[in-house]
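Subject: Structure handover

Hello,

Here is the structure I promised to pass on.

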Amino acid sequence: RGGKSVDAPAGEDITGPMRDLRRAVAAAGGRVVRTGEGGRYLRTEFLIDVPFLGKDVDDVEWYFTPQDYLVQFRAERRTGRPDFGENRRRLEDIRTRLGWDVVQVL
């Protein structure tokens with residue numbers, strides 16, 4: 001469980017960055033489950049197969065902060081089982097694909 005912010009070129013018109021995020025999520029094997037907040041919120045899930053434990057789901061939520069260049073996100077394995085860094089690696093891959101910078105959270 002956790003959240004971070006990344007510096008994305010969102011600005012006021014987030015149509016392009018949101019479209020790019022949807023594409024990056026799909027390329028990483030995820031699917032969009034829900035959108036909201038005037039197009040600023042995206043809920044996605046990644047179906048996974050955990051060796052010896054079976055199938056599971058990683059939920060990831062994304063939020064484009066209004067009047068800012070930040071995208072906040074939260075990721076968690078639905079069952080609460082450890083993910084052994086899989087969410088972190090996946091999110092880092094998506095961030096890299098998008099060319100977004102990491103912003104330290106104070």
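This is a predicted model: local features need pLDDT of at least 70, side-chain atom pairs count only at pLDDT 80 or more; totals for chains, interfaces and linings use all residues.

Aromatic pairs

Searching the whole structure turns up two aromatic pairs. One is W62 with F73, a tilted pair with 5.7 Å centre to centre and 40° between the planes. This pair links distant parts of the chain: W62 is in strand β4 (residues 54–64) and F73 is in strand β5 (residues 70–77), eleven residues apart. W62 has 4% relative accessibility, so it counts as buried. F73 has 13%, so F73 counts as buried too.

The other pair is F64 with W100. Its geometry is edge-to-face, at 6.1 Å centre to centre and 90° between the planes. Here, too, distant parts of the chain are linked: F64 belongs to β4, while W100 lies in the loop between α2 (86–98) and β6 (101–103), 36 residues apart. Both F64 and W100 are buried.

Which ring does the charged end of R90 sit over? The ring is that of F46, with the charged end 4.3 Å from its centre.

Nonpolar core

The largest nonpolar core has 17 residues. L21, W62, F64 and I94 touch the most other members. Contributions of at least two residues each come from α1 (15–27), β3 (41–50), β4, β5 and α2. The largest share is that of α1, with four residues.

Strand β3 and its neighbours

β3 is mostly covered, with seven of its ten residues buried. On one side, five bridges join β3 to strand β2 (residues 31–36), and the two run antiparallel. Bridge partners here include R34 with R43 and V32 with T44. The β2–β3 hairpin has four residues between the strands, and E37 takes a positive phi near 55°.

β3 also pairs with β4: ten bridges join them, again antiparallel. R43 stands opposite E61 in β4. The β3–β4 hairpin has three residues between its strands, and F52 in the turn has a positive phi of about 70°.

Best wishes

Methods
Residues are numbered from 1 along each chain as its sequence is written. Side-chain values use heavy atoms; hydrogens and water are left out. Rings of Phe, Tyr and Trp (its six-membered ring) pair if their centres lie within 6.5 Å; planes under 30 degrees apart count as stacked, over 60 as edge-to-face and the rest as tilted. Buried means under 20% relative accessible area, exposed over 50%, partly exposed in between (1.4 Å probe, protein chains only). A charge sits over a ring if NZ of Lys or CZ of Arg is within 6 Å of the ring centre and within 35 degrees of the ring normal. A nonpolar core is a set of buried Ala, Val, Leu, Ile, Met, Phe, Trp, Tyr and Cys residues joined through side-chain atoms within 4.5 Å. Two strands pair if DSSP finds at least two bridges between them.
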